[in-house]
Amino acid sequence: MSRLLSSLLGCLLCLLSGPLFGDEPHSGLDPDGFDKTVRPQDDLFLHVNGRWLLSTDIPADKSNYGSFTRLDDEARENIRAIIEEAVKNPTDDISRKVGDFYKSYLDEARISSLGLSPIQKQLDAIDQFNSPEQIARYFGAGGVQGLPGPIGFYVSVDDRNSSRYLCHIIQSGLTLPDRDYYLTQREDHAAARKALQAYIARLYELAGRSDGAAAAEAVIRLETALAGIQWSRTELRDAEKRYNLRPTTQLDQIAPGIPLKPFLEASGVPDITELNVVTPSYFENLGAVAASAGLEAWRHYARFHLLDAAAEYLPKEWVDAHFELHEKAISGVPAQKPRWKKAVDATSGAGAGDFGVLGEPLGQLYVRKHFPAESRKRKQELVGNMMKAYEISIRQLPWMTAATREQALVKLGKITTKIGYPDVWRDFSKLEIRSDDLIGNLLRSRTFEHQRQIDRLNQPVDRSEWGMTPQTVNAYYNPSLNEIVFPAAILQPPFFDATADDAVNYGGIGAVIGHEISHGFDDEGSKYDGDGNLRNWWTDDDRKAFEALTSKLVAQYESYEALPGRKLNGRLTLGENIADLSGMAIAYKAYMLSLEGRPSKTLDGYTPSQRYFLGWSQIWRRKYRDDEMARRLLIDPHSPSAFRANGPVTNLNAFYEAFDVKPGDKLYKAPADRIQIW
Ligand SMILES: [Zn+2]
């Protein structure tokens with residue numbers, strides 16, 4: 001989470017292909033899912049996905065379902081086969097570890113017989129709390145094992161000196177997904193708080209304690225106070241506000257009343273002279289919140305968070321309780337995943353930035369089987385085409401002056417690309433995994449990762465590192481390394497189909513590549529230079545012109561309503577919306593360049609330009625449960641899929657030409673109102 005916050009400014013898209021023309025290309029479209037009673041000029045998303053939406057139910061164990069989740073399911077099945085082979089036939093240290101961890105997850109009889117004993121030591125320590133310093137040490141040591149607390153800690157590249165690593169502290173410590181769940185009077189938030197209250201009481205009951213009602217009250221009061229001093233997610237996006245380098249001689253001023261020194265010592269941090277305080281006002285106020293809560297409330301808070309973090313890995317009644325709050329009450333998911341799926345996800349990771357216990361070693365086995373060596377070269381060529389189109393576009397931008405344009409081209413020229421899988425794999429030989437100790441495995445795994453982070457301090461920056469596993473269906477831009485990264489698992493249909501016609505591949509993976517490049521030039525990414533440093537390379541006038549354009553995009557997305565009465569947050573989603581708009585514009589240019597000299601063919605009754613836009617809409621095929629949509633509207637920097645399909649095209653002249661969009665059509669904007677950024 002923290003790593004994502006700090007460095008993965010943008011993600012959720014991905015990749016593409018080389019020269020893609022096979023002998024008899026098919027269109028790559030799925031017209032069976034189209035709803036032709038809806039005109040693309042009125043709603044491109046529904047035109048392409050309407051019948052699919054009507055005929056598809058979200059699987060009972062999911063909060064949403066669509067192109068991404070379908071590929072996630074396939075990748076999980078592939079990983080499952082690799083794991084099961086490792087269980088049957090462990091041939092080396094890694095396959096033995098993979099098999100043993102998976103077995104430890106599936107051994108419910110053993111888990112049941114152990115009860116709470118795997119976390120008894122920590123529970124006993126909490127009972128002994130009698131000073132703020134002890135509490136600070138507990139949370140520092142807990143962080144080493146991946147346990148949550150009110151102080152978030154991580155190591156990542158220094159935003160203003162990309163040649164070194166730096167320690168960061170950041171606000172943390174809420175159970176519900178966002179501070180708003182504690183602070184608003186909205187009905188769904190009140191319901192979530194009630195579910196949290198019942199959950200705390202239930203965990204205490206399962207732990208054999210009689211003070212669950214008091215614990216629930218104390219924990220919710222404390223978390224509400226923490227929520228009250230936290231920054232919003234929109235504020236957290238601001239890279240300049242997040243950068244507050246402070247000498248460690250000032251720890252007492254950074255967080256008055258909070259024993260930060262013991263916290264850092266217990267976190268295993270060696271002697272450091274400075275650290276970055278991501279959310280200064282939170283730490284300035286934390287001491288007052290901590291003092292007014294009192295020691296008894298902190299004991300409840302620490303105990304509950306320990307039980308909550310462990311619940312998924314404890315006996316079945318704990319797992320059920322965890323599901324009731326975290327998935328059912330919050331996201332509206334009706335049924336739990338089967339245990340094998342949870343076991344695969346815990347081993348392999350379950351999404352962006354989640355490495356599981358052995359995600360990268362599994363990725364190594366995954367690409368050997370599912371990512372042919374020649375794939376990398378073809379994708380690299382496609383990225384090269386996109387870079388060329390981007391360069392042409394930057395040279396022609398009407399709103400930018402020559403000085404800033406030169407700098408933008410320098411930055412573009414310094415972007416590096418990673419495709420498929422890491423060149424250097426992490427070494428897991430020192431991680432101990434046992435087939436009969438699930439919670440021990442998880443704690444050792446997190447400690448192992450924490451130590452890896454700590455060991456990087458005073459080491460050169462590792463430019464070979466990946467922030468996602470190869471089996472992740474996603475992609476990202478990392479501003480500190482100025483790199484775009486495309487894991488193997490996203491290089492498949494509907495994003496990229498080597499047997500399909502080019503138009504849909506450019507509308508799919510092409511636009512995704514354009515999206516990731518554009519993160520280098522979105523409202524936050526554009527504050528970093530080509531060497532990954534937070535440094536202003538803009539003239540004041542150009543920055544003003546850029547912000548005038550992006551403000552229009554904020555207004556456009558804030559007019560969209562995703563649920564009755566619930567509009568999009570245009571500032572939270574701005575970076576992703578810029579990336580979608582610019583990625584679409586550039587991929588279309590690249591597609592047109594690729595067509596030069598060749599006649600354009602109609603396939604499935606659609607022209608090449610039409611198919612480009614239809615292919616874009618097709619990758620956003622997805623539906624959400626209402627509770628999940630409400631959660632995402634608060635926390636997700638990405639707009640909901642329907643608006644990702646429809647939002648960018650209203651600004652692209654090529655869309656108007658492709659479908660002859662006219663005044664009166666629902667997606668029509670007057671030419672003067674169309675937004676072109678990159
Ligand atoms: Zn993105």
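This is a predicted model: local features need pLDDT of at least 70, side-chain atom pairs count only at pLDDT 80 or more; totals for chains, interfaces and linings use all residues.
Gln556 counts as buried, with a relative accessible area of 7%. A polar atom of the Gln556 side chain lies 2.9 Å from the backbone oxygen of Gly647.

Skip the residues up to four places away in sequence, and Gln556 touches Gly647, Thr650, Asn651, Lys669 and Ile675.

## Thr404, another buried polar side chain

Thr404 belongs to helix 20 (residues 402–414). With 0% relative accessibility, Thr404 is buried. Its side chain has a polar atom 3.3 Å from the backbone nitrogen of Thr539.

If you leave out neighbours within four places in sequence, the contacts of Thr404 are Trp537, Trp538, Thr539 and Asp542.

Now for a side chain that is not buried: Asp320 is partly exposed, at a relative accessible area of 25%. You'll find Asp320 in helix 16 (residues 316–331).

Asp320 and Gln336 have side chains joined by a polar contact of 2.8 Å. Along the sequence the two are 16 residues apart, while their C-alpha atoms are 8.3 Å apart in space.

Nonpolar side chains tend to be buried together in soluble globular proteins. Here, the largest nonpolar core has 189 residues, and the members touching the most other members are Ile517, Phe613, Ile677 and Trp678. Helix 24 (residues 574–595) supplies the largest share of this core, with 11 residues.

Not counting residues up to four places away in sequence, Phe613 touches Leu44, Met584, Tyr588, Val649, Leu652, Ala654, Phe655, Ala658 and Phe659.

## Salt bridges

Side chains of opposite charge can pair when their charged atoms come close. The structure holds 57 salt bridges. One of them pairs Glu265 with Arg137, whose closest N and O atoms are 3.1 Å apart. Glu265 is in helix 13 (residues 260–266) and Arg137 is in helix 7 (residues 132–144), so this pair ties together parts 128 residues apart in sequence. Both ends are partly exposed: Glu265 has a relative accessible area of 40%, and Arg137 comes in at 32%.

Lys377 and Glu381 also meet in a salt bridge, at 3.5 Å from N to O. This pair is in helix 19 (residues 373–396), and because the two residues are 4 apart, about one helical turn separates them. Lys377 is exposed at 59% relative accessibility, whereas Glu381 is partly exposed at 33%.

## A buried pair and a network

Are Asp636 and Arg632 buried or exposed? Both are buried. The two form a salt bridge, with 3.5 Å between the closest N and O atoms.

There is also a network to look at: Arg110, Glu432, Arg434, Asp436, Asp437 and Arg444 are joined into one through salt bridges that share partners.

Terms used: Residues are numbered from 1 along each chain as its sequence is written. Side-chain values use heavy atoms; hydrogens and water are left out. A nonpolar core is a set of buried Ala, Val, Leu, Ile, Met, Phe, Trp, Tyr and Cys residues joined through side-chain atoms within 4.5 Å. Buried means under 20% relative accessible area, exposed over 50%, partly exposed in between (1.4 Å probe, protein chains only). Contact means heavy atoms within 4.5 Å. A polar contact is a pair of N or O atoms within 3.5 Å; within protein, one must be able to donate a hydrogen and the other to accept it, and residues adjacent in sequence count only if both atoms are side-chain atoms. A salt bridge is a side-chain nitrogen of Lys or Arg within 4 Å of a carboxyl oxygen of Asp or Glu.
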